[in-house]
Each structure stands twice: as structure tokens, then as C-alpha cells.
Amino acid sequence: MISARAGWASRISSAQSIQLVRATAVLACAFGAAVLSWHFFRFLRVFPSAALLAVALELPLILVGIVGLRLLRPARPPALTWSVAAVVWGATAAVGCALLANRGLIGLWAKGAGTRFAADWSAALSAPLNEELLKLCGVIMIVLAAPAAILGPLDGLVFGALVGLGFQATENVTYGLNNIVLSGAISPVRAVTDSFTVRVGLTALGSHWTMSAIAGAGLGYLVARRRGAEHGSVLPAVACLLTAMAMHLIFDAPQTAEVIKVGLNFVIVAVVYLLLTNAYMNRARRALAERVAAGTISQHEAAALLSRRRRRRELSRATAAERHQLAAQQRSHLTEVEREAA
Amino acid sequence: MLADETGRGPAASSVTKVRLRWLAIVVAVMALLTAGWPLLNSAVANRQPLANGARVTVGSGPTNSGTVTVGSGWYVQPAQSNPELEYVLRNGAIELDIRRVALVNRAQQAQMWRGMGQVLSLTVPGSSLGRPIRTTTAHGSPAITGAVSGPRLIGMATIVPGPSREFGIAMVVLAPRGTSRELRAAARQVVRSIMFAEPSR
């Protein structure tokens, strides 16, 4: 059985294996979307205005989030296609599966430890395990489906944040809809806007995107290790995943002020981001200095390469005939440097 | 978890194997969480018996909660219950859902009945809520009640505003058509037993 499976695997080409990963990801997203539709489609029939409002309110958040999070990557943003794919995974596959997983585990807490304990702690003890793993699965799928998209911890952080953003947006919609029932459907639109105000105005800065950004950074360390990069290691990968779960536990724990939970998560992700960016830029500058010394790139080109603004300025100074070639040259150099720096 | 530039040769084969192994891990983790917990949950009995005369309180704090007293044969379904928001009780084929509804202001009391009808059409598709009738609970609190009818279920919905008028307790009894009168009377008795820490104004 094992040898038959090994034989089957060895007959698949690299391109076919990538296609298989992508097809599996599409299926997982379709499954998640189907689960969500099954649970929430009736809201659209009974409360059409409030349901549409709940979705519409999240659209600006998603757009601003995608733009903002892609800008976190130094030098140039990650590919738009894979950025959107990460958000879609978070918004469908991860949330849909988490809905079923959480319901099961929360039910077990209520049956085993009582309804009082479950009311206080079941979310804090279920979501960190289920949701962080399901979101991280999305970042792993990006690594497998687009091998050049995530090369190190900083890429992992950005893609993790994008998966978390998608999860957060869909969860906001479901919380808004559930709030209609909790408030007795007296004012469905008000229930949705109240939920939106709390979840976007108060907790958004420290919610899912921060936790999965940290877990994603951990995965990036594993990818870097596999590439043979010096900074790649298993230990920070495990530490990042455990930190993300701990952040989630504290976020869902009862009797802790919202401002502390949100502030703590935001500070953690900001500090990790600054440390990773600093290390990334140091490695990138070192890689550029080596190329300047070897004569493969001029000092002038090297000085502009890592800055979006300076690259644009160089392009604007070039003649129309030179511009296309210069842009291609910048992309080629940048790809090489990013591979070493990631 | 490594890029293979050419897609050919032993290195590419190794990368493909690693990719397929990680894909299998992802699928296994997702299946384990998504199907494993619900399966395990369904294997554990969802019933916590209540003694005859036991009190069940829904809400947070004495001034924001309501308490019902149950007779014999009732049990809580813990997986669907949360002491601050909702209790689902069962007695044979009868289900009694007790939910605390937060009100923003006193004027919203008038809209509670319409809201309850909408929530019922969400949770019990095809059901309809009859005209509300004014009544009082066993402890003298004013309430409104009405019949619920659906394709396979019949029952009764009741709303009792809390003393502060900033919350209400919504209760829905549902039973398959043909359920015995005795059981339905037992459910009505639980509904009528609702009481609050503060006297109604």
C-alpha cells in the first residue's frame, strides 16, 4: 500500500502537483462557502436589507485591508492574484470549516464542563485551536500553490494577515446577522450596525489578521529553512504558531478589557513586523552590495532598487525606449535580491 | 515547501513529494477539525436532566435575568444553551426555547412580537405566528402570547418584558402535531412560571 502510494506520487510532475493543490484549494473554498450559505442564506430571505448591509459594510474593510497589508512588504507588494486568493481562503474555506469545528468543540465543552463554564471559556478554548490551524492551512496552500509567493517569514506574515483579513470580514458578517436574533429582530439594521461598530471600530485592529500574521510568519521560517536560508528554523515556526494561539485565547477570554486585548495583539504584530522588516532589509542591502562588488549591478541602480518611489523616479527619468527595458531589469534584479533577503 | 524551477529531474521529484505530503497534511487537519469535533460531539449525549422543581435562569445578573421552574421529565440541551443568552429545554417530543432579548429602549417592547415572528420564520421555516393575546404569568407579570403553527410542528410563543423594560424573555414551545395534551400543558406551566428578581412595574 505504501509503495503503491509512493509510486503514484512519483508519477506526478511538479506542474501537476501544483494543479492538484490549486484544485483542492478551490474545492475547500467552495465547501466553506456552501457551509456558510447553508447557515446564513435564510437571513437573506427574512432580513434582506440587513443581510445586504452586513455584507456591504465589510467591502471597504476588505479593500482597504488588501491595499494596506500588501504595502507591508518592503520593496514591492506580493502578487495580487495570490493576495486575493489568501483573502478568499480566509473568507470561505477557513470560516466555513471553523463554523462546524467550533460548534462541535463548543458543544463538547458545554456537555463536559457545564453551560456556565462553556459560556465563559468555550470560545477562548476552541477558536485558537480550530481557527488558527484552519487559517494557517490557507497560508500553507499558498506556499504549495505558488512556490515563489512565500519565501520567508515576512512574506508569511503578509499572507497570514491577508488570510486573517478574509476570515475577519466574513466573521463580522455572521456576527452581525446573529446579533439580529440576539436582539429579538426588533431592529435588524440597528443590530447589524451595532455589531459592525464594535467589531470594526473597536476590535478590528487586534483581531484575526494579527493572529494569523504571526502564525504565517512562523510558516515563513519553515519555508526559509527548506530553502536553506540561514534564518530558517523550526523553533521560531512553532513559537509563532503558539503565540498566535495564545493571542487568540487572550482575545476571546472573558473579563479582560477590550482595549488591552486589541492593544496587545496589535503591539505584538507591529513589533514582529518591524523586526522582520529590519532583518529583511539588512539582508537585501547585503545582497545588493555583493552584486555591486561583483559588477552585476551599478551603484546607482542598487541605491534605487529597494525603494518603490525611487524606482518609479528612475523609470520616469528614462526615455520611452529605455523605460520598458529598465523596468524589466529592475524586476529581474529585485526578484534575485528578494530571494536572498526573504 | 520549496520552489522547483524546472519541474524536472530528481530535485523536482523530491519537491513534488514534499508538496503532496504537505497537501495531505492540510487536508487531514481540515477534515479532522471540521468532521472530528462534530462527530465526537454527536457521540456524547446532549442532555442534562433537571430535577422536578429545578429553576433555570437565563440572563446576566439578578436584574437582567428571568427564571423558570420546571416540572418532572425536563432536561437541558447543553450544546445549544448559554446561561446568559438562551436555554433549550426538552421534555419528550416537546422543545422549549427560552431566550433573553436585549432592548435598546422601552419603545421597542411593541416591536418584540413582530421580531419574534421573523426569528421563528428563520429558525422554523414555514412557520407562522398567530395574533398576540395579553396575559399574565403565574407571578403576575404582564405577557403576550400566541400560537405558532408550522408544517409539522405546533406550539406557543410568549414574550414577557423584564421589570426594567430593557430586556425581555422570549419563550417558544414547539412540538410535533399529535403530541399529548399533558406534555403541552407541562410546557405551558413552565412558561407561566417565569419570574424576575425585581417586581414588575
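**Reading contacts and packing in a two-chain model**

Reader: Among contacts in chain B between residues at least 6 apart in sequence, what percentage join residues at least 24 apart?

Author: The figure is 52% for chain B. Please keep in mind that the model is predicted. A contact here requires C-beta atoms within 7 Å.

Reader: How many helices and strands does chain B have, and what share of its residues count as buried?

Author: Chain B has three helices and 12 strands. Of its 201 residues, 37% count as buried.

Reader: Let us turn to the interface. How many residues of chain B are in contact with chain A, and which element supplies the largest share of that side?

Author: On chain B, 49 residues are in contact with 47 residues of chain A. Helix α1(B) provides the largest share of the chain B side, with 19 residues. The elements of chain B that each supply at least two residues are α1 (9-43), β6 (94-102), α2 (112-123) and β11 (167-176). By class, this side of chain B comprises 31 nonpolar, 14 polar and four charged residues.

Reader: Which residues have the most contacts inside the largest nonpolar core?

Author: A nonpolar core is built from buried residues joined through C-beta atoms within 7 Å. In this structure the largest such core has 139 residues, and those with the most contacts inside it are A:W89, A:M141, A:I142, A:I214 and B:V173. Helix α4 (residues 80-113) of chain A contributes the largest share of this core, 19 residues.

Reader: With which residues is A:M141 in contact, leaving aside its neighbours within four places in sequence?

Author: A:M141 is in contact with A:V21, A:A25 and A:W89, and also with B:V26 of the other chain.

Reader: How should I read a helix pair, and at what angle do α6 and α8 of chain A pack?

Author: The angle is taken between N-to-C directions, on a scale from 0 to 180 degrees. Helix α6 (residues 153-182) and helix α8 (residues 208-227) of chain A pack at about 150 degrees, with their axes 6 Å apart. The crossing of α6(A) and α8(A) is right-handed. Their contact involves 17 nonpolar, nine polar and two charged residues.

Notes:
Residues numbered from 1 in each chain as written. Chains lettered and ligands numbered in written order. Predicted model: local features only at pLDDT ≥ 70, side-chain atom pairs only at ≥ 80, totals over all residues. Buried ≥ 20, exposed ≤ 12 C-beta atoms within 10 Å, placed from the backbone. Helix = DSSP H or I, 4+ residues; strand = E, 2+ residues; numbered from the N terminus. Contact = placed C-beta atoms within 7 Å. Left-handed = near helix turned anticlockwise from the far one by under 90°. Nonpolar A, V, L, I, M, F, W, Y, C, P; charged D, E, K, R; others polar.
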